[in-house]
Amino acid sequence: MRATVLVRPKAGILDPQGEAVESSLRQLGFLVDEARVGRVIDLDVDAATADEARGEIERMCERLLANPLIESYEIEVAE
Amino acid sequence: MSEVAPRIAVLVFPGSNDDRDAAWALTALGGDARLVWHAEEELPEVDAVVLPGGFSYGDYLRCGAIARFSPAMQAVTAFAADGGLVLGICNGFQILCEAGLLPGVLRPNASLEFVCMDVPVRVERTDTKFTSRCKPGQELVIPVKHGEGCYHAPADLDDEQIVLRYARGANPNGSERDIAGVVNADGNVLGLMPHPEHAVDPLLGSGDGALVLASLMDAARERLYARA
């Protein structure tokens, strides 16, 4: 089952990458604010149902894919 | 009478690059350093463990995140739980944080630039196993070289756990509260971003790092005697 995990820096966590991206966009003339840079992980997971896949990926996030101290995550499973 | 050489394991991960410098420095200071490959499931009989600097597993995902699951790190976790002394330098500090052996996490430098320079570091506590040879408030000059050394502390971090701070105005990476090194609550695991193993000979700029490594070896020697 195909799934995507979005990992983001939590609100309030310093994100120098986001700041650099924002400042570059502004230099290019784009009016942007609050840019944050996260990470996307696409993967295939062996599961019978979307719920099962979601549960499995949550365990992956807790153990490895995200650091709960500074990052939040969101899971999308292709139904 | 010459003192017994404490036995110290220096872990080697794929991508470690300060392992040999650490082993060299520990040996120069009278230790018996042994390199241990990350795939080893058991540590040799040692009195302390050093996790060296570098880019273990290419720093993929987050620095230290993959190394924490290596077989040797499972052995280090058990060693630390048993009261064993563990020192993590730079990438070693990052690994200890990811492994949950130390609080907090290291993030990309606030400047987003890799920093490589000598920095003055203030010793906040001299009653630890890693700083016993330092004087209270002493400023050590030790080099840093990292891209991800911005320490983010958990909200409940005890001030007592902050052992080293960058001197006022000398914070090279944006670390919260100028934190350069923290110890765990039990006092047997320390992580720091500066590289004491690169500052053991005044000929190369500073010998101050030797105070940290020699303190560790004093404590390791005590442990060795206590077990004998």
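The model is predicted, and the predictor gives the complex an ipTM of 0.85 and a pTM of 0.94. Chain B has an average pLDDT of 96, with 99% of the residues scoring at least 70.

**Chain A**

- Chain A has two helices and three strands, and from the N terminus on they follow the order β-α-β-α-β.
- The radius of gyration of chain A is 15 Å, well over the 12 Å that the globule rule gives for 79 residues, so chain A is more spread out than a compact globule.
- Along its principal axes, the C-alpha trace of chain A spans about 50 × 25 × 15 Å.
- Of the 79 residues in chain A, 14% are buried.
- Among contacts in chain A with a separation of 6 or more, 66% join residues 24 or more positions apart.
- Helix α1 of chain A covers residues 16-27. Its 12 residues reach 16 Å from first C-alpha to last, close to the 16 Å expected at 1.5 Å a residue.
- Just after α1(A) comes G29(A), which takes a positive phi of about 95°.

**Chain B**

- Chain B has four helices and 11 strands.
- A compact globule of 228 residues would have a radius of gyration near 17 Å, and the 16 Å of chain B agrees with that.
- Taken along the principal axes, the C-alpha atoms of chain B fill a box of roughly 45 × 35 × 35 Å.
- Buried residues make up 55% of the 228 in chain B.
- For contacts in chain B with a separation of 6 or more, residues 24 or more positions apart account for 75%.

**Where the chains meet**

- Nine residues of chain A are in contact with 10 residues of chain B.
- On the chain B side, the residues that touch chain A are six nonpolar, two polar and two charged.

**The nonpolar cores**

- In soluble globular proteins, nonpolar side chains tend to be buried together.
- The largest nonpolar core here holds 75 residues, of which V10(B), V49(B) and L216(B) touch the most other members.
- Helix α4 of chain B (residues 209-227) gives the most to this core, with nine residues.
- A second, separate core has seven residues, including A3(A), A53(A), L65(A) and A66(A).

**A closer look at helix α4 of chain B**

- α4(B) has 19 residues and reaches 28 Å from its first C-alpha to its last, close to the 27 Å expected at 1.5 Å a residue.
- Its buried residues include G209(B), L211(B), L213(B), L216(B) and A220(B).
- Leaving aside neighbours within four places in sequence, L216(B) is in contact with A48(B), L85(B), L87(B), K129(B) and F130(B).

**L87(B), a contact of L216(B)**

- L87(B) lies in strand β4 of chain B.
- L87(B) counts as buried because it has 32 C-beta neighbours inside 10 Å, where 20 or more are enough.
- Not counting residues up to four places away in sequence, L87(B) touches A48(B), V50(B), F130(B), L190(B) and L216(B).
- A65(B) is 22 residues from L87(B) along the chain, and their C-alpha atoms are separated by 17 Å.

Note on methods. Residues numbered from 1 in each chain as written. Chains lettered and ligands numbered in written order. Predicted model: local features only at pLDDT ≥ 70, side-chain atom pairs only at ≥ 80, totals over all residues. Rg over C-alpha atoms; globule rule 2.2 N^0.38 Å. Buried ≥ 20, exposed ≤ 12 C-beta atoms within 10 Å, placed from the backbone. Contact = placed C-beta atoms within 7 Å. Nonpolar A, V, L, I, M, F, W, Y, C, P; charged D, E, K, R; others polar. Expected span 1.5 Å × (residues − 1). Core = buried A, V, L, I, M, F, W, Y, C linked by C-beta atoms within 7 Å. pLDDT = per-residue confidence, 0-100.
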